[in-house]
Amino acid sequence: MGRIICCGLGPGDPDLMSVRADRTVRTAKHVAYFRKKGRPGQARRIVEGMLAADVAEYPMEYPVTTEIAFDHPDYIRLLAGFYDEWAERLARLARAVDVVVLCEGDPYFYGSFMHLHARLQGRVEIEVIAGIPGMAGCWNAVGRPIALGDDVTTVLMGTLAEDELERRMRSSDALVVMKTGRNLAKVRRALASAGRLPDAWLVERGTMPGERVARLVDVDEADCPYFAIVLVHGQGRSEVTE
């Protein structure tokens with residue numbers, strides 16, 4: 001019996017992969033990774049030049065990404081079928097060989113592999129290699145601590161309803177907003193309503209080629225970056241930080 005090894009690759013810069021992840025990728029004989037149809041895939045880009053010459057690759061192409069709303073029944077049905085199919089294919093492969101599944105960031109932190117992980121329980125041995133979450137690479141790109149002292153840090157999805165975003169933005173000290181993209185205008189409005197917009201940063205492609213770091217108020221409202229995270233830094237206890 002083989003194993004399925006989900007390898008966390010970190011925020012995007014190959015230099016930020018763990019020693020264990022680097023070793024696993026370089027010695028892998030079978031590698032699977034998610035990608036949008038017609039694209040090389042972000043995880044695959046990170047390991048470019050690291051894979052063995054004779055590696056077998058298994059690109060797992062999403063049947064849909066942003067073409068349909070994520071809560072539409074067709075979206076749910078298509079993605080469920082996609083994960084069912086690939087769980088079966090990977091389980092069959094792992095009966096004889098180790099299969100390394102590449103995952104950006106940390107697999108256990110909003111990683112796409114978790115949809116496979118749930119379907120593979122009890123069917124095959126699974127190993128997960130931790131990785132630096134993408135948001136850590138982004139707040140390091142800003143060059144300021146994201147949270148200090150007893151700051152409360154909240155991680156939000158830009159897909160949440162605007163009033164829910166605003167409520168949580170008001171009640172937290174430090175903020176990380178993921179899944180911005182087409183939701184960026186909504187995120188901006190929620191931040192403005194919560195009084196947090198002047199302190200917000202946008203980090204696009206953090207630690208990757210083409211990295212951009214800018215205050216959100218300076219970003220064109222029509223801009224809709226894909227690999228982007230919005231950050232609002234906590235202030236910590238003033239008696240300690242000043």
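**View 1. Buried residues of helix α5 in the predicted model.** In helix α5 (residues 134-142), the residues Met135, Ala136, Gly137, Cys138, Trp139 and Val142 are buried, a term that stands for under 20% relative accessible area with a 1.4 Å probe and protein chains only. Helices (H or I, at least four residues) and strands (E, at least two) are DSSP runs, numbered from the N terminus. The cover over the buried residues of α5 includes β6 (153-157), β7 (174-178), β8 (200-204), β9 (212-215) and β10 (228-232), where contact means heavy atoms within 4.5 Å. Gly143 follows α5 and has a positive phi, near 85 degrees.

This is a predicted model, in which local features need pLDDT of at least 70 and side-chain atom pairs count only at pLDDT 80 or more, while totals for chains, interfaces and linings use all residues. Residues are numbered from 1 along each chain as its sequence is written, and side-chain values use heavy atoms, with hydrogens and water left out.

**View 2. The open sheet of five strands.** The strands follow the order β3-β2-β4-β1-β5 with parallel pairing, two strands being paired if DSSP finds at least two bridges between them. β3 (56-62) and β5 (125-129) are the edge strands, each pairing on one side only, and the twist averages 25 degrees from one strand to the next. Strand β1 (residues 3-8) pairs with β5 in the parallel sense over five bridges, and Cys6 has Val128 in β5 as its bridge partner. Helix α4 (residues 113-120) packs on this sheet, touching β1, β2 (30-36), β3, β4 (99-103) and β5, and its direction makes about 155 degrees with that of β5; such angles run from 0 to 180 degrees between N-to-C directions, and axes are lines fitted to C-alpha atoms, for helices over the stretch in contact.

**View 3. Strand β2 and its two neighbours.** Five of the seven residues of β2 are buried, so this strand is largely enclosed by the rest of the structure. Seven bridges pair β2 with β3 in the parallel sense, and the bridge partner of Val31 in β3 is Glu57. β2 and β4 also run parallel, joined by two bridges, and Ala32 stands opposite Val101 in β4.

**View 4. Helix α6 against helix α7.** The axes of α6 (residues 162-171) and α7 (residues 184-193) come within 8 Å and cross at roughly 45 degrees. Glu162, Leu165, Glu166, Met169 and Arg170 in α6 meet Lys186, Val187, Arg189, Ala190, Leu191 and Ser193 in α7.

How values were computed
Buried < 20%, exposed > 50% of the residue type's maximum accessible area, 1.4 Å probe, protein only.
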